[in-house]
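Subject: Structure handover

Hello,

Here is the structure I promised to pass on. Please open it first, then read my notes below.

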Amino acid sequence: MPFPLLGDVMIPRALFEALKREGYDAELAVDIAPSLVMDDEALLEFATQQGRVLFTCNYADPRHNFIDIDARWRQEGRSHAGILLCPKPRLDHRLWEVRDRLRELLERYSPDDMRNLLMWLP
């Protein structure tokens, strides 16, 4: 069973609309949790409550990024549904390749496989 996705504010709408048309459970945070899109910690908490893997490009900001949040949550013994990282230039220039790689992951990994996993999109 494919894992459900939550895309943060950096994820192009066209990508998730394409996944949804193919039957995948892919939602954008701006659509289902607009008040949380600028609060990374709250967004990861929401994704976890929803059982959704968070898909983001936010890994390089020195003050707020999901790599640091993941490390802190691990130290605190907290769990999340998974974090999937993708370089922003790849989304900007190779969007349909990203879609194809996402589909492969969605078919290969279950929600249980993704739990507490911090992973780069291959």
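One term before the notes: contact means heavy atoms within 4.5 Å. Please also keep in mind that this is a predicted model.

**Asp40 and helix H3**

With that term in hand, take Asp40. Leaving aside neighbours within four places in sequence, Asp40 is in contact with Asn58, His64, Asn65, Phe66 and Ile69. Asp40 is found in helix H3, which covers residues 40–50. Where is the nearest side chain of opposite charge to Asp40? That side chain is Arg72, 8.8 Å away. A salt bridge needs a side-chain nitrogen of Lys or Arg within 4 Å of a carboxyl oxygen. Asp40 has no salt bridge, yet Asp40 is buried.

What covers them? After H3 comes Gly51, with a positive phi near 70°.

- E1 and E3 pair in the parallel sense over three bridges. Gly7 has Phe55 as its bridge partner in E3.
- E3 and E4 run parallel and are joined by three bridges. Thr56 has Leu85 as its bridge partner in E4.
- Strand E4 (residues 83–85) and E5 also run parallel, with three bridges between them. Leu85 has Trp120 as its bridge partner in E5.

Look at E3 from both sides. Val53 and Phe55 are on one side, and Leu54 and Thr56 are on the other. All four are buried, and both faces of E3 are covered. As background, side chains in a regular strand alternate between the two faces of the sheet.

The largest nonpolar core has 23 residues. Leu5, Leu15, Phe16, Phe55, Leu91 and Leu102 touch the most other members. Which of them gives the most? H6 does, with five residues.

Not counting residues up to four places away in sequence, Leu102 touches Leu5, Leu15, Leu19, Phe55, Leu84 and Leu121.

There is also a second, separate core of 16 residues. Its members include Ala29, Val37, Phe46 and Trp73.

**Ala29 and Val30**

These two residues follow one another in the sequence. Ala29 is in helix H2, and Val30 is in helix H2 as well. Are they buried or exposed? Ala29 is buried, with a relative accessible area of 0%. Val30 is partly exposed, at 39%.

Their contacts, again leaving aside residues within four places in sequence, are as follows. Ala29 is in contact with Leu6, Gly7, Asp8, Pro34, Val37 and Leu43. Val30 touches Arg13 and Val37.

Val30 and Leu6 are 24 residues apart in sequence and 9.6 Å apart in space, C-alpha to C-alpha. Ala29 and Gly77 are 48 residues apart along the chain, and their C-alpha atoms are separated by 25 Å.

**One more residue to check**

Last, Asn116. Asn116 lies in the loop between helix H7 (111–114) and E5. Its phi is positive, about 65°, although Asn116 is not a glycine. Is Asn116 buried, exposed or partly exposed? With a relative accessible area of 24%, Asn116 is partly exposed. The cut-off for buried is under 20%.

Over to you.

Best wishes

Conventions. Residues numbered from 1 in each chain as written. Predicted model: local features only at pLDDT ≥ 70, side-chain atom pairs only at ≥ 80, totals over all residues. Heavy atoms only, no water. Core = buried A, V, L, I, M, F, W, Y, C linked by side-chain atoms within 4.5 Å. Buried < 20%, exposed > 50% of the residue type's maximum accessible area, 1.4 Å probe, protein only. Helix = DSSP H or I, 4+ residues; strand = E, 2+ residues; numbered from the N terminus. Lys, Arg positive; Asp, Glu negative; His and termini not counted. Pairing = 2+ DSSP bridges.
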